[in-house]
Each structure stands twice: as structure tokens, then as C-alpha cells.
Amino acid sequence: MKSLVIAEKPSVARDLCKAIGGKFEKHDEYFEGEEHVVTSAVGHIVELCMPEDYDKRDAFWRLANLPIIPEKFKLKPIEKTEAKYKAIRKLLKRADIGAVINACDAGREGELIFSYLYKLSKCKLPVKRLWMLSMTPAAIRESFANLRSGEEMENLAQAAQSRSEADWLVGINCTRGVTKRLYGSRAGNVAGVGRVQTPTLAIVVERERAIQAFKPRDFWRITADFGVTEGSYEGLYQKPNYKKNDDEHDRVDRIWSEEEANKVVAILQGASSATVTEEKKKSRQAAPRLYDLTTLQREANTRYGFSARRTLQLAQALYEKHKMITYPRTDSKALPEDYPETVRKTLLSLEDKLGEVATRVVSKNWINPKDKRVFNNKQVSDHFAIIPTAEAPKKLSEEEAKVFDMIARRFTAIFYPSAEFAITTRLSEIEGLIFRTEGKVLVFPGWLEVYGKGAADADEDSLPALSTSDGDPAKAKLQDYALLKEETKPPARYTEATLLSAMEGAGKLVEDDELADAMKDKGLGTPATRAQIIERLIAERYLERDRRNLLPTPKAETLLDFLACVQAEALTKPELTGEWESKLHKIEDGQLKRETFMKEIVGMTKEIVERIKTFSEDVDAMPLTDLKSPIDQQPLYESMRAYRTKENDFAIYKIIGNRKMDIEELRELLEKRRIGPLDDFRSKTGKPYSANLLLDEETNRVKFDFGNGEGEGGNGKVDFSELAPFAKCPRTGGDVFETPAAYIVRVVKDGEETTPIRVSRKILDREIEREQVLKLLENGRTDLIDKFWSKRTKRPFDAYLVLQPSGRTKFEFPPRAAKKAAKKAAKKTAKKKQAKAK
């Protein structure tokens with residue numbers, strides 16, 4: 001009888017055949033040898049059934065049907081990989097197969113992939129477990145010689161199934177319940193809720209609310225230019241007796257009072273020289289550790305602007321198609337301890353890509369098998385770090401080549417010596433005032449050489465040396481000084497890079513030590529799912545991309561507000577994942593029964609669903625506002641989603657057309673029954689548009705008005721009969737009209753009317769003049785227009801309007817001045833003002 005070996009992915013199946021040795025005959029879905037038949041899944045190929053698979057009536061989402069708690073969870077093949085499932089099931093039923101070897105990845109998810117496959121196929125064959133942390137041929141053969149029994153892995157399988165079923169119960173029931181309460185029967189609106197995606201969304205929303213609530217504070221900094229024999233340098237004033245405190249914006253160089261700043265300047269006005277002292281020390285910087293997926297995604301986003309999803313796609317192509325890197329969906333930054341020889345061969349193979357910097361590691365004998373930053377079995381989980389393979393180089397796309405170069409250089413650099421710097425801290429004292437200057441010089445590049453950096457490239461932060469001619473103690477001439485007025489800045493918005501970091505380190509947000517410890521190696525999501533979670537939040541219109549930033553939508557805030565109202569905040573916090581991970585670890589260790597855990601999850605699900613179903617706002621608990629009802633001028637109450645009368649015979653929503661309304665905008669609409677045009681409304685597909693809002697005289701309902709007959713959503717026809725064109729469009733030959741809301745190009749051809757170009761008259765509170773519209777039609781873009789007002793940053797900005805092929809416009813921003821150049825310009829302006837004051 002033969003044993004059927006089931007790996008998690010095809011590449012592993014091939015490696016197993018090579019390690020086992022002997023002759024293997026290749027078939028469509030498997031390899032067959034004398035004692036083994038080796039096949040593979042392609043990740044998950046079996047999933048839990050959906051509610052409608054149990055009862056067709058549950059295809060329709062109804063609050064009355066919740067909660068949905070299956071007595072026994074059922075399984076089904078994943079539709080797109082059903083052929084793979086059927087092929088493996090056929091192998092399991094072969095008469096000459098007497099045992100099954102689970103060779104899926106060594107971890108909880110690998111156990112779940114095999115467990116679901118085994119259960120759905122109703123297999124009764126005995127199971128052995130191939131537990132591999134290394135993929136060298138010797139390690140694979142050793143694992144085959146020490147197969148574990150299926151019984152040994154039962155607790156791990158139970159923990160895996162419990163996690164899967166718990167996510168199903170919470171996700172299915174809460175998503176359906178919240179969707180019905182927020183959107184009723186409106187088609188296309190889904191309020192997705194999940195253990196991982198909702199806390200991730202909460203992280204972004206919390207940051208956005210902090211930005212919106214931020215109040216900038218003025219502060220002053222003082223710089224001074226000093227001259228010594230060998231050249232000039234700049235110092236920054238340091239407050240005396242400074243200590244860190246609870247003010248997160250306080251710094252040793254920030255003065256919070258203009259009066260205090262002017263006192264310092266007054267002392268400088270009568271000074272001519274400074275006494276100089278300095279301290280020198282050496283600093284060493286080790287190479288960064290090898291890539292796991294999250295770090296790779298984070299750095300590719302920062303360096304090239306790749307989304308987390310795109311980086312994963314490129315890494316998968318390098319792994320599956322080109323076979324030039326190891327498995328990318330990993331959370332490990334270490335290699336197995338038996339990998340030094342594999343590392344040596346791989347470095348030699350990189351000569352064509354990296355040249356001598358790769359082979360030097362081998363020739364200099366820099367591979368240290370005892371280096372635990374690199375070779376560490378305790379830090380290898382289901383997979384090890386992402387490194388290149390020894391495969392011959394392939395022709396790669398530009399984006400693939402960028403990701404491969406990142407991986408290859410990181411892999412090479414970790415074996416290089418540390419980089420060494422000489423750091424000089426210089427203090428220049430004038431009449432008791434201390435100015436600090438730091439210089440940093442690269443004296444030995446070490447691993448930085450892999451990135452093309454030598455000692456000669458890194459002296460831009462060097463200081464002019466002190467010489468004997470400067471005296472003892474040394475003296476420096478005060479050449480100039482400047483008082484710079486600045487203001488504190490709000491926290492930065494999340495990019496995909498920083499959000500990935502926040503997800504990975506979510507355990508740090510958990511106060512309970514036990515729960516935080518359970519999350520220390522997990523965070524929110526896994527390396528394989530974090531990109532998918534971010535993409536899902538964007539697809540469900542909870543987040544939007546604004547260049548590299550991720551911004552929450554009004555839908556996101558509505559969801560979190562509702563969960564707070566129904567006291568289901570647990571779904572918005574990483575503590576829930578910490579609690580689950582802690583208990584799943586106990587199931588794995590045999591300290592907690594799976595049935596106990598699932599009973600708790602069912603209880604929690606029922607409790608949250610009941611709160612969702614029975615939630616009702618108490619008008620007496622609602623805050624009274626100064627907004628007035630247009631019906632009787634009585635004050636309106638603020639509910640979760642609207643401003644309403646006590647009897648609820650009138651209400652005006654906080655979100656209109658997928659746009660969060662400012663309270664002052666609503667006030668104007670209530671008082672004047674009209675406002676606009678306003679920007680940033682969103683269609684159901686997420687497309688932005690501008691419109692006026694009207695409060696209907698008869699119904700007191702809000703309506704969109706696009707001016708002169710334009711229809712709801714901006715797609716209706718305009719009545720041009722009473723309008724006169726003011727220009728001809730040089731692009732289309734059509735007439736250019738001005739309506740109350742927009743400039744519109746009208747083209748009539750063969751009796752058929754079209755409006756191929758439409759430009760809002762007002763964009764982000766900035767009126768667009770006819771002159772700029774004509775330039776847009778003539779040249780494809782306007783002049784640089786100032787004073788657009790960002791609704792999100794609450795700041796003005798300048799931009800060009802660029803005409804798109806769709807006939808709509810987009811912003812194009814002027815190049816940002818380099819930080820140093822901007823600082824230099826600010827300093828120059830301050831010096832001019834200072835000179836006038838003198």
C-alpha cells in the first residue's frame with residue numbers, strides 16, 4: 001500500500017519528491033513513486049457553508065432570522081478550486097492508498113486546510129503529520145523519519161476549526177444585523193463587520209478624528225550661524241533645564257511664548273562670539289533583518305508607492321511563476337538553523353544580479369551559523385523569512401525587478417559587518433544660551449555598501465572641525481541668527497505602510513498583559529491576510545485612497561458610531577483578537593475544551609445580535625442643538641445619524657449623498673432652504689460629484705439640484721433652451737455653457753445631443769473662473785489655482801485642474817519643495833524680518 005502525501009502548495013509537493021528520492025512519475029494533479037503519491041492543495045480549497053446552504057430562506061437578509069447558529073457546521077469546496085478538491089478526493093479513494101500524510105504548513109492554518117479537506121472527503125484512512133520548519137532536503141528526510149501521529153495534532157486542529165467557526169458566527173451575524181439596521185432594504189449597501197477588519201477600521205477612524213479635533217499651537221525656534229576657521233555651521237537653541245513631560249508636542253528646542261523667544265533674541269543682539277565644546281563618539285548600525293511579508297509590503301509602499309496587495313501579487317509571481325524567491329506569505333524574519341549551505345549557494349547565484357557584493361560574503365566567510373538574528377529555529381513559524389532562491393535569473397517586469405532587488409539586497413546585507421559612524425555633538429554657548437549642533441559621518445559603510453553607499457557619499461552632515469587657531473577653549477563667531485515661528489502639526493494620516501505596522505503591532509494597544517502577550521506574534525490579521533483586509537475595507541467603501549494616504553469615509557464613522565450605541569465596542573478593539581488568541585493557545589495546549597470556547601462565542605454572538613435588533617434611541621437622552629426645525633422653528637435633537645424633532649416629524653441627516661455634512665452647512669440649508677454648490681458627494685460607485693441641496697417647500701425633504709434642470713446624481717439632461725453659450729470648445733467644437741452649478745460643453749451631432757465635458761463652478765470652496773475653464777479646454781489644464789480648501793485637513797492648498805478623458809477634472813499638484821530647501825527659505829525670510837527689526 002502507498003501513502004498519499006498532501007502538501008499545501010504545488011512548489012512544496014515538488015520539493016518533497018526531490019527530497020524523498022527515487023523515481024516519480026508526473027501526472028496532472030500528482031506525482032507517483034514506489035511508496036508515495038504526492039499531491040497538493042493550493043491553499044484553502046474547502047470552506048464553511050454559508051447560511052443559505054443550510055436554509056434557502058436565509059439567502060434573504062432578515063433581522064428576524066438572526067442569530068444564525070448552525071447546530072453543526074457544514075463544509076463545501078471553494079468554487080474556483082473545486083477541480084483541485086475533486087482530484088485529491090479521487091486520490092484518497094484509490095484502493096492502493098493505505099495512509100495519508102498531512103504535509104501542509106506547520107501551523108494552525110496548515111492544519112485547518114488539511115482538516116477541512118479530510119473531513120469533507122469523508123476519508124477514514126489513518127493520518128500521519130509531516131512537521132517541517134525547514135525545506136532543505138536533509139530536513140525533509142528527517143521529518144519523514146519522524147512523522148507525528150494524527151492524534152498528536154488533534155488539539156491544533158480543534159483550535160484551527162474553532163477560530164474559523166468563531167469568525168463565521170461573528171462576521172455573518174453582525175454584518176447582517178448591522179446592515180439591516182443601518183440600511184434597511186436598500187440594495188447595494190452592506191455594513192461589513194469582522195473581528196479583524198473592524199478594529200483595523202477603528203484605528204484609521206480614531207486617527208482621523210484626532211486630526212479633525214486637532215488645534216494647532218504656535219511655537220518659536222531660534223537658529224544661529226557660527227563661524228570657525230574651517231567653515232560655518234548652524235546651531236539650534238536649547239531650552240535650559242528641559243525635561244520630558246505629558247505634552248507630546250514639547251521639545252527642547254520649542255519656545256511656547258513669543259515673549260520668551262524675544263528675550264533670547266535680545267541677548268543675541270548684543271553678542272558676537274560663542275564658547276564651543278564638543279563630544280565625539282562612535283556608533284554602529286547593524287543591517288536590518290530579513291523580510292517578512294508585512295515588512296516587505298510596508299517598505300515597497302514607502303519606496304515605490306505599491307499597495308500591500310500589489311506587493312503581494314509581485315512577490316507571488318516571483319515565487320510561483322519565476323521561482324526566484326521563497327514562499328512570501330510569512331511572518332518570520334529568520335531562517336532555519338540548517339540553512340547556511342543553502343545561503344552560500346544562493347549568494348553565489350546572485351552574482352549576475354548584484355555582482356561582487358553578493359559573492360564577497362562567501363569569499364570573506366561572513367556567513368555565521370551561530371548568528372541568531374539570521375539562523376533561529378525558535379523564530380521560524382509556519383514559514384521562514386523571504387529570501388532569494390538559487391534559481392537562474394529570469395526576465396522580470398520592471399515592478400517585479402524592483403521587489404526582487406529589495407529582497408536580494410536585504411538578504412545579502414544581513415551578512416555584512418555593521419556600518420560605523422562618527423557622531424559629533426557640539427554645544428555653542430553665548431551668554432548662558434546653549435545652541436546644539438549634531439554631525440554624523442559614515443566612516444565604514446559595512447552593509448550600506450550593498451546599497452551603493454560608501455564613506456565618500458555620507459559627509460553631508462559633517463561639521464567643520466575645530467582647530468588650534470579657534471583657541472582653547474574654542475571660540476566661534478556669531479554670524480547670524482533667526483527667530484522662526486512655526487505651529488504644531490496633527491498626527492499624520494495612515495498610509496498602507498503605517499497601517500500595516502499598526503495592524504502588526506496591535507498588541508501594543510491592548511492593556512491586559514495576558515491578552516497582549518497572546519497577540520505579540522500575531523497582531524491583527526496575518527501577513528497573508530492584511531493586504532486583503534485593507535483592500536476589502538476599500539471595496540466596501542469604508543476607506544478611500546488619497547494618493548498614498550488612507551482616509552475613512554462617512555460610512556466608516558457611521559458603523560463605529562452605531563456599534564458604540566449598541567454597546568458592541570468589543571468588535572472595534574484588538575482586545576477581542578487578544579482574548580481569542582489566548583484561548584486558542586489554551587486549546588492547542590489541551591488546557592481548554594473547544595466546546596467551552598465555542599459556547600462562549602455563541603453566547604457573545606447572541607448578546608450582540610440582540611442589542612442590534614432591540615436598539616432604540618431615547619430622545620430624552622439626545623443632546624439639544626441650536627439648529628431649528630423649518631416647520632415650527634423648534635430646536636432639533638442630535639441622534640446618531642440625524643438632527644430631528646422630538647416627535648421625529650422632521651429629520652435632516654448628517655450624511656447626504658455619501659458626504660458628511662458640516663453643521664454650519666446644515667444650518668444654512670435649514671435657514672435658507674438652499675446651499676451650494678457643494679463638492680465631494682459620492683455616487684454608489686464612489687464617483688465624486690458636485691450639487692446644490694434644496695429643502696423642499698412641501699415635503700421638507702432634502703433634494704439635489706444641479707441647476708437648470710440637471711437631474712439627480714448629475715446624470716440628467718440640462719435644458720439649454722434658455723441659456724446662451726459663452727465660448728466654443730476647441731477640443732470638441734461644441735458650445736460652452738454656464739449653469740448655476742457647472743460649466744458644460746454641449747455637442748450636437750446628427751441631431752443627437754451629448755455633454756462630454758462638465759466642470760463644477762465651485763470646487764472645494766473655490767470658485768472657478770471662466771478664464772481658467774477656457775485654459776482647461778484649450779491646454780488640458782488650468783494655471784496653478786490657489787485657495788482650494790481641504791475638508792479633511794482643514795487647510796488651503798494650491799493645485800492645477802487637469803482634464804481627464806472622461807470629461808471630468810482631477811487635481812495635479814506642483815512638486816513639493818525639499819524639506820531642507822523649505823527650511824532654508826523660511827529661515828531666510830525670518831532673517832530679513834530680524835534685520836528690519838534691528
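**A guided tour**

Visitor: How many cavities of 30 Å³ or more does a search of the whole structure find?
Guide: Welcome! Please keep in mind that this is a predicted model. When the whole structure is searched for cavities of 30 Å³ or more, the number found is two.

Visitor: How are the residues lining the largest cavity divided by class?
Guide: The largest cavity holds about 50 Å³ of space. Around this cavity sit Met324, Ser349, Leu350, Lys353, Thr389, Glu391, Pro393 and Phe404. Sorted by class, this lining has four nonpolar, two polar and two charged residues.

Visitor: Let's turn to helices. Are α9 and α15 roughly parallel or antiparallel to each other?
Guide: Two packed helices are described by the angle between their axes and the distance between the axes. For α9 (residues 293-304) and α15 (residues 496-504), the axes come within 8 Å and cross at roughly 160°. Angles over 145 degrees count as roughly antiparallel. The relation of α9 to α15 is therefore roughly antiparallel.

Visitor: Which classes of residue make up the contact of α9 with α15?
Guide: From α9 come Thr294, Gln297, Arg298, Asn301 and Thr302, and they meet Glu496, Ala497, Leu500, Ser501 and Glu504 of α15. Grouped by class, this contact of α9 with α15 has two nonpolar, five polar and three charged residues.

Visitor: How is α6 oriented relative to α18?
Guide: Helix α6 (residues 154-183) packs with helix α18 (residues 554-565) at an angle of about 110°, and their axes are 11 Å apart. Angles of 65 to 115 degrees count as roughly perpendicular. So α6 is, relative to α18, roughly perpendicular.

Visitor: And how do the residues in the contact of α6 with α18 divide?
Guide: On the α6 side are Val178, Arg181, Leu182 and Tyr183, while α18 brings Lys555, Thr558, Leu559, Phe562 and Leu563. The contact of α6 with α18 divides into six nonpolar, one polar and two charged residues.

Visitor: Where is proline 67 found?
Guide: Proline 67 is joined to leucine 66 by a cis peptide bond, with omega about 0°. Its place is the loop between α2 (51-54) and β6 (75-77).

Visitor: In which loop does proline 473 lie?
Guide: Aspartate 472 and proline 473 are linked by a cis peptide bond, and omega there is about 5°. Proline 473 lies in the loop between β14 (433-444) and β15 (474-487).

Visitor: What is the phi of glutamine 567?
Guide: Glutamine 567 belongs to the loop between α18 and α19 (575-588). Although glutamine 567 is not a glycine, its phi is positive, at about 60°.

Key
Residues numbered from 1 in each chain as written. Predicted model: local features only at pLDDT ≥ 70, side-chain atom pairs only at ≥ 80, totals over all residues. Heavy atoms only, no water. Axes fitted to C-alpha atoms, helices over the stretch in contact; angles between N-to-C directions. Helix = DSSP H or I, 4+ residues; strand = E, 2+ residues; numbered from the N terminus. Parallel < 35°, antiparallel > 145°, perpendicular 65-115°, else oblique. Contact = heavy atoms within 4.5 Å. Nonpolar A, V, L, I, M, F, W, Y, C, P; charged D, E, K, R; others polar. 1 Å grid on protein atoms, 1.4 Å probe; cavity = no way out; pocket = protein on both sides within 12 Å on 5 of 7 lines; lining within 4 Å. Points joined across faces, edges and corners; volume = space filled by probe spheres on them.
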